[in-house]
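This report describes a few parts of one protein model. Please look at the sequence and the structure before reading on.

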Amino acid sequence: MQRRRLIQSALFITGAAAAGSLALTSGFAGAAATEHGFTGVDGWINTAMPISLADLRSKVVLVNFWTYSCINCRRTIPYLKRWQSEYGALGLQIIGIHTPEFAFEHDRRNVETYVRQTSIPYPVGQDNEFRTWDAWDNDVWPGFYVLDRNRRVVLQCDGEDHAHEMEGAIRRLLSLPRTGALGLPGDDPDLSCIGSPEMYFGSIHPTPQDGGQSPRLGEAEYSFVQASTPKLNEYQLNGVWSREGEPLVLRSARGSLRLHYSAAKLFLVATAPEAATARIRVDGREMQAVEISWPTLYTLVDGDTYGEHLLELEADTPGLALFSATFG
């Protein structure tokens, strides 16, 4: 979701703003962020002690709501890490608030594994009950809040495509001059060519399975119709699958998925009770197999050609669970 709310009116540079002070409007930004704080955080990673906004009184703070299996969140992590490295000694502190979408994202071990794999350097709080999320009235992954040294929210952005704007705000709050273009070209990628929305496979969201297969809850056997291709942004199944709340779980010894999408890249949130080899074909061409094990986001197709494609996935591991597909 790319909806955005601008707290400070266009973050225009007045004489005061050029000196590192940003004007505020009414609303959320007018209240001290300490009224919200980090409420009900279950635990912290990358810090020995719990963190409060009062501890960050002298800092410029960027609060990032995220969850580790979300591709939209993952695409922002490289520049968040870079900002903490580049601006941390100058007074910036990034705080990650990990608010889970799926049940497996409540597990601290899973969050720690991802934080360690990606070398995230800043503190991460686990907001498993959505209490900080609700207190801040956040409603998307990723969500961003830039706070000044008085702990007032001066900029709030939803989704991707705001890196240059946020970095500009951070630099002004740190009283740093703007010299040339901000950031790197890939910080705000052009996602306008993606023609497929996020697709869920479980029952708690609408799921775009081909209606000709009579999709249903619980366990059912499905078969591909020969020479039949699913419509754009729909999928077909082959084998015995069980549609549960969040996942779609393979029950037979072998199962297959056909998915018709429009994008260059395809990502799958999945897990398996033991390492499962997913054999992948795109438009009839065999691709590198993907090993699925712990619950996380896997890259199935890392292409660079936008357009309509047909993914075919086949696996021989009962218990393979598919949660969602996203695109790039």
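## Strand 18 and its partners

Strand 7 (residues 199-200) and strand 18 run antiparallel and are joined by 2 bridges. The model is a predicted one. Across this pairing, Tyr-200 stands opposite Ser-324 of strand 18. Strand 18 itself spans residues 321-327 and is mostly covered, with 7 of its 7 residues buried.

Two further strands pair with strand 18. Strand 10 (residues 248-250) runs antiparallel to strand 18 and is joined to it by 2 bridges; here Leu-248 has Leu-322 as its bridge partner. Strand 12 (residues 265-271) is also antiparallel to strand 18, with 6 bridges between them. In that pairing Leu-268 stands opposite Ala-325. In a regular strand, side chains alternate between the two faces of the sheet.

## Helix 3 beside helix 6

How do the axes of helix 3 and helix 6 cross, and within what distance do they come? The two axes come within 12 Å, and they cross at roughly 15°. Angles under 35 degrees count as roughly parallel, so helix 3 is roughly parallel to helix 6. The crossing of helix 3 past helix 6 is right-handed.

Helix 6 covers residues 163-173. On the helix 3 side, the residues in contact are Tyr-79, Arg-82, Trp-83, Glu-86 and Tyr-87; on the helix 6 side they are Ala-163, Met-166, Glu-167, Ile-170 and Arg-171. Sorted by class, this contact contains 6 nonpolar and 4 charged residues, and no polar ones. An α-helix has 3.6 residues a turn, so residues three or four places apart point the same way.

## Ile-94 in strand 3

Ile-94 belongs to strand 3. Is Ile-94 buried or exposed? Its relative accessibility is 0%, so Ile-94 counts as buried.

Leaving aside residues up to four places away in sequence, Ile-94 touches Leu-62, Leu-80, Trp-83, Gln-84, Tyr-122 and Pro-123. One of these, Trp-83, is 11 residues from Ile-94 along the chain, and the C-alpha atoms of the two are separated by 8.4 Å.

## Helix 4

Helix 4 runs over residues 108-117, and its buried residues are Asn-110, Val-111, Thr-113, Tyr-114 and Val-115. What do the buried residues of helix 4 pack against? Their neighbours include strand 1 (43-45), strand 2 (60-66), strand 3 (92-98) and strand 4 (124-126). Helix 2 (71-74) and helix 3 (77-87) also pack against them.

After helix 4 comes Ser-119, which has a positive phi, near 55°.

Methods: Residues are numbered from 1 along each chain as its sequence is written. This is a predicted model: local features need pLDDT of at least 70, side-chain atom pairs count only at pLDDT 80 or more; totals for chains, interfaces and linings use all residues. Side-chain values use heavy atoms; hydrogens and water are left out. Buried means under 20% relative accessible area, exposed over 50%, partly exposed in between (1.4 Å probe, protein chains only). Helices (H or I, at least four residues) and strands (E, at least two) are DSSP runs, numbered from the N terminus. Contact means heavy atoms within 4.5 Å. Axes are lines fitted to C-alpha atoms, for helices over the stretch in contact, and angles run from 0 to 180 degrees between N-to-C directions. Angles under 35 degrees count as roughly parallel, over 145 as roughly antiparallel, 65 to 115 as roughly perpendicular and the rest as oblique. A crossing is left-handed if the near helix is turned anticlockwise from the far one by less than a right angle, and right-handed if clockwise. Ala, Val, Leu, Ile, Met, Phe, Trp, Tyr, Cys and Pro count as nonpolar, Asp, Glu, Lys and Arg as charged, and the others, Gly among them, as polar. Two strands pair if DSSP finds at least two bridges between them.
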